[in-house]
Amino acid sequence: MKLHKFERMALLSDFYSELLTDRQQEVIKYYYEQDLSLGEIAENLQITRQGVHDILKRAEKALENYEVKLGLLAGYLKEEKSLDSQEGR
């Protein structure tokens, strides 16, 4: 199953968000869960739009690095695929 970036980041956040800094968690939550724009997040956090962008990119990179090392999402997707095939989906 191929995930789009938005779906992938939301799932990675579910697995690894506790490993991010508080600010990274906040930006990921605003962007991927609440669907706020960078400008809206910047206004909420009282930082620049560029600052939000930088935090978001660092958080995304960290989430991908955690997945490479720990593989929780890959295991979850494999289990989901197995369950789907058993149920004849």
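Visitor: Is Q46 buried or exposed?
Guide: In this predicted model, Q46 is exposed at 73% relative accessibility; exposed means over 50% relative accessible area, buried under 20% and partly exposed in between, with a 1.4 Å probe and protein chains only.

Visitor: Where does Q46 lie?
Guide: In the loop between α3 and α4, where helices are DSSP runs of H or I with at least four residues, numbered from the N terminus.

Visitor: What about its phi?
Guide: The phi of Q46 is positive, about 55 degrees, although Q46 is not a glycine. Most residues other than glycine have a negative phi.

Visitor: And which phi does D35 have?
Guide: Near 55 degrees, again a positive value in a residue other than glycine. D35 lies in the loop between α2 (22–33) and α3, and D35 is exposed, with a relative accessible area of 58%.

Visitor: Now the helices. At what angle do α3 and α4 cross?
Guide: The axes of α3 (residues 38–45) and α4 (residues 49–70) cross at roughly 105 degrees and come within 8 Å. Axes are lines fitted to C-alpha atoms over the stretch in contact, with angles from 0 to 180 degrees between N-to-C directions. That makes α3 roughly perpendicular to α4, a class covering 65 to 115 degrees.

Visitor: Which residues make the contact?
Guide: L38, G39, I41 and A42 of α3, and R49, V52, H53 and L56 of α4; contact means heavy atoms within 4.5 Å.

Visitor: How do they divide by type?
Guide: Five are nonpolar, two polar and one charged. Ala, Val, Leu, Ile, Met, Phe, Trp, Tyr, Cys and Pro count as nonpolar, Asp, Glu, Lys and Arg as charged, and the others, Gly among them, as polar.

Visitor: What are the ground rules?
Guide: Local features need pLDDT of at least 70 and side-chain atom pairs count only at pLDDT 80 or more, while totals for chains, interfaces and linings use all residues. Residues are numbered from 1 along each chain as its sequence is written, and side-chain values use heavy atoms, leaving out hydrogens and water.

Methods:
Helices (H or I, at least four residues) and strands (E, at least two) are DSSP runs, numbered from the N terminus. Angles under 35 degrees count as roughly parallel, over 145 as roughly antiparallel, 65 to 115 as roughly perpendicular and the rest as oblique.
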